[in-house]
Amino acid sequence: NDHLLVIELQTYFIKNKSWYKSEKKSETLFKHEQGHFDISELFTRKLHENIIEEKIKEKNISQRITQLNEKYTYELHKYQDLYDKETEHSINEKKQIEWNEKIAKELKELEKYTETHFTVEVK
């Protein structure tokens, strides 16, 4: 017996957990912070893709989705840290431009996973 499960995945911005020093306002820093949001969206799409591609069994659906979420949350944090390290928090402009392009390319590759609500067939 197959069932359909409706899933909602969203990337969101928490204003009070973000920082933006007014004395350091610049377009480069703003783009760097936008990169953090875009990376979060990238990993939301990766999670979405994995949920769609994996044929989840009904008996372990809750556990499996929790495991996938934990896996992508862990990978997201590692990717965010690497982004900050390589761009030196936007100070290294050459690396910042490279990362902007890399993130944009990866988002484009996962464009079909942008829907916030989707259904999966559960076996």
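Predicted model: local features only at pLDDT ≥ 70, side-chain atom pairs only at ≥ 80, totals over all residues.
Guide: Rings of Phe, Tyr and Trp, the last by its six-membered ring, count as a pair if their centres lie within 6.5 Å.

Visitor: Is the pair of Y83 and W99 stacked, tilted or edge-to-face?
Guide: The ring centres of Y83 and W99 are 5.3 Å apart, and the angle between their planes is 65 degrees. Y83 belongs to helix α2 and W99 to helix α3, so the pair links distant parts of the chain, 16 residues apart. Because planes over 60 degrees apart are put in that class, the pair of Y83 and W99 is edge-to-face.

Visitor: Are Y83 and W99 buried or exposed?
Guide: A residue is called buried under 20% relative accessible area. Y83 has a relative accessibility of 0% and W99 a relative accessible area of 3%, and therefore Y83 and W99 are both buried.

Visitor: Which element gives the largest share of the largest nonpolar core?
Guide: The largest nonpolar core has 22 residues, and I39, F43 and I51 are those with the most contacts inside it. Two or more residues come from each of α1 (27-53), α2 (61-87), α3 and β2 (117-122). The largest share, six residues, is that of α2.

Visitor: Which residues does F43 touch, leaving aside those up to four places away in sequence?
Guide: Beyond its sequence neighbours of up to four places, F43 touches Y72, E75, L76 and Y79.

Visitor: How are the buried residues of α3 placed around its axis, and which elements do they pack against?
Guide: The buried residues of α3 are Q96, W99, I103, E106 and L107. Viewed down the helix axis they fall within an arc of 100 degrees, so they line one face, while K94, E101, K105, K108 and E109 are exposed on the other side. The buried residues of α3 pack against α1 and α2.

Visitor: Which element has the highest mean pLDDT?
Guide: The chain averages a pLDDT of 89, and 90% of the residues score at least 70. Among the elements, strand β1 (residues 3-8) has the lowest mean, 88, whereas the highest, 97, belongs to helix α3.

Technical notes:
Residues numbered from 1 in each chain as written. Heavy atoms only, no water. pLDDT = per-residue confidence, 0-100. Helix = DSSP H or I, 4+ residues; strand = E, 2+ residues; numbered from the N terminus. Core = buried A, V, L, I, M, F, W, Y, C linked by side-chain atoms within 4.5 Å. Buried < 20%, exposed > 50% of the residue type's maximum accessible area, 1.4 Å probe, protein only. Contact = heavy atoms within 4.5 Å. Arc of directions from axis to C-beta. Phe/Tyr/Trp six-rings, centres within 6.5 Å; stacked < 30°, edge-to-face > 60°.
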